[in-house]
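Please examine the sequence and the three-dimensional structure shown here before reading further. The paragraphs below then lead through the structure step by step.

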Amino acid sequence: MGTGFDAARVLRPRGLQFFGWFALLFFLASQAGGLLLTPPDRDMGHLQKIMYVHVPSAWMSLLAYAIVFGFGVMFLWKRDLKWDLMAAATAEAGIVFTGLALLTGSIWGRPTWGIWWTWDARLTSEAVLFIMYAGYLALRAMTDDEMRRARWSAAIAALGFLNTYIVYMSVRWWRTLHQIQSSPSTVDPQYVLFLRLNAFAFLFILIWFAASRYRVARLTRDIEESVEERALRPQTEGVHV
Amino acid sequence: MNAKRLVLLVGAVLVLAGFGYLVYGGIGNNLVYFLTPSELKAKGAAAIDSPVRLGGMVVPGSVTWNAEAIDLRFRMTDGKGTIEVHARKAPPQMFRDGQGVVVEGKLTRAGIFDASNLMVKHSNEYRPPAPGHVPQEMYRSLVKEAGTS
């Protein structure tokens with residue numbers, strides 16, 4: 001079929017394992033730094049520290065869909081299924097960060113805003129993003145035709161990518177309860193430093209998660225192919241294995 | 001095959017048109033999460049008794065909070081107009097003078113906004129407190145009440 005699948009080219013587990021430990025340690029150090037080394041906020045006190053989880057999660061939820069879209073485009077261009085599997089692996093990681101952003105936002109909102117949830121444009125568009133991740137993954141489970149599945153996945157990824165722009169701009173286009181984006185000029189340098197470190201920590205975890213899922217997807221596909229091949233092989237030996 | 005392509009093309013055009021409308025069109029004026037005091041006042045009699053969200057700043061010094069009766073009164077302003085708000089709700093932790101707030105409720109005939117829900121709108125600023133700064137935290141009076149009684 002010329003799909004270019006080769007088990008030897010699958011990312012080596014050893015390197016992946018090393019990167020996973022690195023990501024975990026970087027994450028723990030960044031979180032500890034944010035929790036222990038930064039002063040409480042003048043208005044919300046220590047509640048500000050949810051920022052180090054909420055904001056990186058939200059960034060990764062947007063970034064992951066952009067990557068899914070990028071891989072989708074690469075598939076349409078190259079017609080190589082490996083790009084489609086990479087897109088799916090990134091979407092699986094992305095939905096986790098989207099869920100985390102919604103969950104930590106809700107937990108943060110209760111004591112500071114006074115509510116768990118409201119249907120303002122930011123919260124709604126992020127919830128729609130979650131549904132678009134779920135839809136992307138659900139649609140993939142519905143068809144066995146790999147090339148067709150890859151084409152449709154790329155189309156949905158384009159819609160999801162459009163939505164990430166709506167999520168980002170929602171607080172500027174519409175009146176929302178959610179505040180507009182902070183910038184280094186509105187955030188104390190101490191918070192900025194640990195927010196950045198945690199953003200990188202979350203990025204490493206996103207990459208590790210997506211790479212691990214991609215590896216599993218490749219191995220699963222290799223096994224399926226070899227089983228199929230064995231089933232189709234003319235049984236000249238006359239022996240069932 | 002050609003019909004399929006046409007459907008796909010029409011679909012893509014529709015999505016892009018919808019997106020363009022979102023970005024450049026009038027939905028920004030229709031999708032209003034809350035009205036400001038001067039906008040609500042501009043509606044006149046039509047605003048009375050219809051459920052709406054109202055957002056603005058708490059006028060410093062206007063807050064009266066009765067922790068025993070759970071009765072909160074304050075004035076809300078957008079710089080141009082001011083409306084008196086009455087809520088039978090405990091203020092959230094960050095409710096204080098000069099804070100952005102959004103309330104859900106109705107404007108009564110008397111011109112007072114009867115709020116059934118009270119939300120704090122935080123700015124995009126995060127700063128450590130200045131030395132000696134004590135934040136105004138009305139909710140603590142609730143905790144104290146519960147502790148002594």
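Predicted model: local features only at pLDDT ≥ 70, side-chain atom pairs only at ≥ 80, totals over all residues.

Residues are numbered from 1 along each chain as its sequence is written, chains are lettered from A and ligands numbered from 1 in the order in which they are written, and side-chain values use heavy atoms, with hydrogens and water left out.

Chain A has six helices and zero strands; helices (H or I, at least four residues) and strands (E, at least two) are DSSP runs, numbered from the N terminus. The C-alpha atoms of chain A fill a box of roughly 80 × 35 × 30 Å along the principal axes. Of the 241 residues in chain A, 46% are buried, where buried means under 20% relative accessible area, exposed over 50%, and partly exposed in between (1.4 Å probe, protein chains only). Contact means heavy atoms within 4.5 Å. Among contacts in chain A between residues at least 6 apart in sequence, 80% join residues at least 24 apart.

Consider next the helix α3(A). Its 32 residues reach 46 Å from the first C-alpha to the last, close to the 46 Å expected at 1.5 Å a residue; the expected span is 1.5 Å times one less than the number of residues. The helix α3(A) is mostly covered, since 23 of its 32 residues are buried. After α3(A) comes G114(A), whose phi is positive, near 100°.

Helix α4 of chain A (residues 121-140) has 20 residues and spans 28 Å between its first and last C-alpha, close to the 28 Å expected. Buried residues in α4(A) include L129(A), M132(A), Y133(A) and Y136(A). An α-helix has 3.6 residues a turn, so residues three or four places apart point the same way. What covers the buried residues of α4(A) includes α2 (51-78), α3 and α5 of chain A.

How many residues does each chain give to the contact between chain A and chain B? Chain A gives 40 residues and chain B gives 35 residues. Together they bury about 3,300 Å², 58% of it on carbon and sulfur atoms; buried area is the accessible area (1.4 Å probe) that two parts lose on being put together, summed over both. R42(A), W174(A) and R175(A) supply 24% of the area that chain A buries against chain B, more than any other three residues.

There are three salt bridges between chain A and chain B, a salt bridge being a side-chain nitrogen of Lys or Arg within 4 Å of a carboxyl oxygen of Asp or Glu. E39(B) forms a salt bridge with R175(A), with the closest N and O atoms 2.7 Å apart.

Finally, D71(B) is found in strand β3 (residues 71-77) of chain B. Is D71(B) buried or exposed? D71(B) is buried, with a relative accessible area of 19%. Residues that D71(B) touches, not counting those up to four places away in sequence, include W65(B) and H86(B).
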